[in-house]
Amino acid sequence: MAFTARAENVSPLAALKNVLQDALAVARVGRRTMHYLIRGKREPGSVARQMFAIGNQSLFFMCITMAFIGAIITFQTGLQSKKLVPDFSMIGATYLKLLIRDLAASVGALPLATRVGAGIAAEIGSMVVTEQVDALRMCAADPVDYLVVPRFIASVIMGTVILIIGGFVAYGSGMLVAQLMFDVSPHTFTNLSLVTMGDLVLGVSKAVTYGGAIALVSGQRGLATFGGSEGVGWATTEAVVGSCFAIIVLNLVISTIGYFFVPAL
Amino acid sequence: MIRLEDVHLAFGDNTVLDGVSLEVPPACIYALIGPGAAGKSVLFKVVAGLLRPASGKVFVDDEELGPLNEIELARVRKKIGMLFQNYALFDMNVAENIAFPLRRLFDLSEEEIAERVAERLERVALPGTEHRIPQSMSGGQKKRIGVARATIARPPIVLYDEPTAGLDPVTSQKIYDLVQEEQRAQDTTVMVISSDVAGVLTIADRVGMLHEGRLIFDGTTDDAKASTDPAVRQFVHGLTEGPL
Ligand SMILES: Nc1ncnc2c1ncn2[C@@H]1O[C@H](COP(=O)(O)OP(=O)(O)OP(=O)(O)O)[C@@H](O)[C@H]1O
Ligand SMILES: [Mg+2]
């Protein structure tokens, strides 16, 4: 793994090579995930169980985090814009556009990755070091099919739902701060005039992609665990770091596509 | 049929398999013996396609594993049942553990599955333990649940890694009898790793001895007993004097 201490003291060129190798390994797991998504054998209830685990683990944590993030962004935006234009009538409109187009998904995905990614990698990693994953492979259950696919589906669906809920919470906390600090009424704040359908599509595509990326990166890291329980610790760290990195890179890619095809007014 | 041709495998600079070639003919019980850390368990994982050798070829039923991808390997593994040295049981109850390969491979009714699980548990002398949790059972009991899981789908090839470790002599003999009876009944190809050399030689047709990553003996059971190689002699007869 390219970013953690197990690979320290390498030259920048070697580090870049490691990043590309990791990306390739994740892509291979992604390919198998797609294969089994169509042809795999779903255990009844496995996806629901994972969805419950992800929702249960992260909903409260995400709401608190997004509430603070929403409050901070609104407060800082308000402070800065006060210096430029002493007019807060559009603060809600720009904030909502930013939130829907990017922040709700991209900022929310980072704390989501820490919670969900660590959970997936730790669970799969401890199955690897106890040889349960080898046993699955001997029992006609490809670990990608049996372990990664249900987590992938659950992470895509539940991750998107949680990021959307987080977006609503950030909207609420932003509205509260605007009212308390800058005297902007909720009515003025709730201004969707700048938001287009394209923004919404872009925001939701990001959320869906991040949910999938977290599951694939963390699943791959978990399956690549080696070296006993210490290895599980490493895998967990690497899953979180790798997921966050993937989110940032994917944000760049999707935002660039969005810049050309879904112009921001 | 299982065939290895000049297989090399290392973990970092720890060479574990150093040019192993062997052939297990169909419908044969092949005992793999050797001192600790000789690479026996690693060799099983190579045969099962769980580890890829650095070089050399592995054939299972005339199909070379080397060029296969993970999805194609999964197809080959359906022919192989494996008992793990460290059990590798799932976090499920005993019945679900044993039924797992059946559920993955076939579409059977719940009654049929329950019947076959009960039959397996009977054979490994653990009847009525369906609802227990493996983590709460003894090492020998877990071993036998592993045997039941490895054989329930009646695979044509079975790999047993230390099937009698942690078992008393009577239960050990029952497990050996089970291995042999089922091998004879279904003409399966069987490989057994065992530290209980005397016990495993009572059922084996052929014997291979692995030492420091090399196969220092490969032949029939009678040849093994008559071998004049000092290391083989020492190991087969359990002597303290010798090169090991
Ligand atoms: N996953 C692994 N990573 C690194 N080294 C390993 C791994 N698995 C096995 N080894 C090493 O390979 C060597 C052979 O191990 P193996 O488990 O095959 O021994 P064995 O012959 O089965 O011994 P025993 O009779 O004690 O079970 C050992 O030196 C072990 O440290
Ligand atoms: Mg072993």
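How many salt bridges does the rule find across the interface of chain B and chain A?

## Salt bridges and polar contacts

The rule finds 5 of them across the interface of chain B and chain A, where a salt bridge is a side-chain nitrogen of Lys or Arg within 4 Å of a carboxyl oxygen of Asp or Glu. One joins the side chains of B:R104 and A:E43, at 2.9 Å from N to O.

Chain B and chain A also share 7 residue pairs in polar contact, with both residues at pLDDT 80 or more. A polar contact is a pair of N or O atoms within 3.5 Å; within protein, one must be able to donate a hydrogen and the other to accept it, and residues adjacent in sequence count only if both atoms are side-chain atoms.

## Buried area

Now to the area: chain B and chain A bury about 2,100 Å² between them, with 56% of it on carbon and sulfur atoms. Buried area is the accessible area (1.4 Å probe) that two parts lose on being put together, summed over both. Of the area that chain B buries against chain A, 34% comes from B:E70, B:I71 and B:R104, more than from any other three residues.

The contact (heavy atoms within 4.5 Å) takes 26 residues from chain B and 20 residues from chain A.

## About the model

This is a predicted model: local features need pLDDT of at least 70, side-chain atom pairs count only at pLDDT 80 or more, and totals for chains, interfaces and linings use all residues. Residues are numbered from 1 along each chain as its sequence is written, chains are lettered from A and ligands numbered from 1 in the order in which they are written, and side-chain values use heavy atoms, leaving out hydrogens and water.

Chain A has a mean pLDDT (the predictor's confidence in each residue, from 0 to 100) of 94, and 97% of its residues reach 70 or more.
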